[in-house]
Every structure is written in structure tokens, then in C-alpha cells.
Amino acid sequence: IRQYLTDTAREFRIDRHISYGIRILEANWSSAEHAWTLRAERDADGGEQVFRCRFLVMGTGYFDQDAGHNPAIDGLERFDGPVIHPQHWPENMNCAGKRVLVIGSGATAVTLVPALAGQGARVTMLQRSPGFLLSLPSRDVVSQMLSRFLPRKWVFGFARLANVAMGDWIYRASRRWPGLVRKLMLSLVRVQLKGAADARDFEPRYQPWDERLCVVSDGDLFAAVRAGQANVVTDEIAGFATGRVLLKSGRNVETDIVVTATGLKLQAFGGIRVTVDGNAYRPGDHMSYKGVLLENLPNLAWMFGYINHAW
């Protein structure tokens, strides 16, 4: 994803308009001046920098980029190996030949497990409850075929419409015929597993799209399970000891490394302190209009993104 952003910015010469290494600390709107004043800090020398603008667009997302969500896990301090949150993954971490426990079952865990297995780790994904998983190809074969005969712009436009329509259809079908969609999704999972794991570890307690649906790229998670490089355990943590995690069912899972894929913290405006005429603005106390504009916040747009299918 980062490479795609870098290449696109270079191709359209956006990169020459980007200032790196600057942390925005405060943004204040002045009704008298009809302008925003931003106070920033340079990472290199800690010096202050001031920006002024008529209109401010926040492309900061809604996650805290500095710290992930780390819920209290009983007895984790007694584990004697590395404990890693994916948001701060060590560059020199080598998991080959190691036993890795990934706590969580969301998009991060579903992505990490096959990647770690591909590096030669023996991976266990520990989840309190299963989520819906849908295997999709990473390459659009239809678009690749059409691009041989049609202009790329047409092909990309068609691909976007097709993906949006498919995502919309799956969501609407899940809400209208939840039982039918549930049976279909679980049958597809069983086909992918081919008896290599207990299907009950992949059967959610809820209906499709009552919670988020996770996409498995090219079925890589299921491939890792079939190959014996990864397994999925549904249980709750009772505590930790040297080299293992203790589960409430009485089982023990031996591990060398614990990865806490426990999610991210929500944060508005990337942690920037926003004020209007000197008064602190609390976005949680105001209404949002179409996920872009905010009540009583002049000349500011916040790119929140989609509620689902953000990708």
C-alpha cells in the first residue's frame, strides 16, 4: 500500500507539494479573521512552524498512530518472551522456527497469521469468538483480460463499479437474508478448510455483517491451516507462564512470541487540538454531515471514510 501511494504521488507530481517530518499540534479557527492558524513542530530540530489557511482538510483518519489498543490481559507480565503489538513491529524480528501466538481474530490477525507462517513460524491464532471470513482473489483476472483489448481507464472504471456493486450486494443480501448468506459463507469456509480444522472455530455467534466481515486474500489463511503451519483456537486466556499461555478450558498453548493483534485506538483529527475562537472543540459532542463536515466547525472537512468496505 505504501509503495502504491509513493508511486502515485511521484507520477502525478504530488510529492513535491508534501512537507514531511512535521507534526501538527494545534489548529485554531478565528471568526474575526475567517482563517485557520496551525501550530506545528518539526521532528528534526523541535522547532515551531506556523501555517495559515482559509480552508482546512483533515486527512488524518480516525486511529491513534502512536499507540495501539492494549487491553489488560491477566498474567501477561509473567510471560518471559517478546510481546509485540503489530502497530510497533520490530524491523529485525525473525520468527522463523518460532512458536507464535497471535491474540485476536480481526483483519490484522487474519493478515498476520499466513504471513508469519510463510516465514517459517508455527502460528496459533487465539480468538474469543470466530468472525466471518471470505476468501477473495488478490488479482482481478477479468480486468487483466479486458486490459488487453480496452483502454486502461475503461477497465479500471469497470473494475471499481463491479467491486462496489459486489460489496453492496453482499451487505444488502446479508441484511435481508441473513440465514441464507450465513449458510453460503460457512459452506465456502468448509470448502477451503478441507477438513484440516474444526469448522466450529470458524462459525460466528452472530449473523453476517452484524459485525465486520474479514477478507482472506487468496485464501492464504486457510492454506496455512491446511499445511499445518497455523491453527485456530477458540478460548479465553486464564493466565500466562514461562513459554505458554493458560486457557480457561484447561488447555495450554506453548509459545515463544506473543503478538497482541487487539486493535487500534480511535482518535479524531490525528490528536490535533482543535479550537474555535480559543474554545476547545470536542467532535464527539457534535453532529457530522455525510461523514465530512462537522457541526459548528467552519471551513473544515474531515475525511472519515466509509462505515464498511473502507478498502
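How many nonpolar, polar and charged residues does the lining of the largest cavity have? The lining has five nonpolar, three polar and one charged residues. These legends describe a predicted model, in which local features need pLDDT of at least 70, side-chain atom pairs count only at pLDDT 80 or more, and totals for chains, interfaces and linings use all residues. Residues are numbered from 1 along each chain as its sequence is written, and side-chain values use heavy atoms, with hydrogens and water left out.

**View 1. The largest cavity and its lining.** The count comes to one cavity of 30 Å³ or more, and the largest cavity holds about 40 Å³ of space. Its lining is made up of Ser105, Val110, Met125, Gln127, Pro130, Gly131, Leu133, Asp201 and Phe202. (A cavity is a set of points, on a 1 Å grid over the protein atoms alone, where a 1.4 Å probe fits but cannot get out; lining residues have an atom within 4 Å of a point.) Volume is the space filled by probe spheres set on the points, which are joined across faces, edges and corners.

**View 2. Helices H4 and H5.** The axes of H4 (residues 152–176) and H5 (residues 178–193) come within 5 Å and cross at roughly 120°, and the two helices are therefore oblique to each other. Ile170, Ala173, Ser174, Arg175 and Arg176 of H4 meet Pro178, Val181 and Met185 of H5. (Contact means heavy atoms within 4.5 Å; helices are DSSP runs of H or I with at least four residues, strands are runs of E with at least two.) Angles run from 0 to 180 degrees between N-to-C directions; oblique covers those left after under 35 (roughly parallel), over 145 (roughly antiparallel) and 65 to 115 degrees (roughly perpendicular).

**View 3. The sheet with mixed pairing.** Five strands form an open sheet in the order S3-S2-S1-S17-S18. S3 (48–53) and S18 (279–280) each have a single partner strand, so one side of each is left without a neighbour in the sheet. S2 (residues 35–42) pairs with S3 in the antiparallel sense over six bridges (pairing requires at least two DSSP bridges). Arginine 39 has valine 50 in S3 as its bridge partner.

**View 4. The sheet with parallel pairing.** This open sheet of five strands runs S6-S15-S7-S8-S11. S6 and S15 (residues 257–260) pair over two bridges, with isoleucine 84 opposite valine 259 in S15.

Terms used:
On a 1 Å grid over the protein atoms alone, a cavity is a set of points where a 1.4 Å probe fits but cannot get out, and a pocket is an open set with protein on both sides within 12 Å along at least five of seven lines; lining residues have an atom within 4 Å of a point. Ala, Val, Leu, Ile, Met, Phe, Trp, Tyr, Cys and Pro count as nonpolar, Asp, Glu, Lys and Arg as charged, and the others, Gly among them, as polar.
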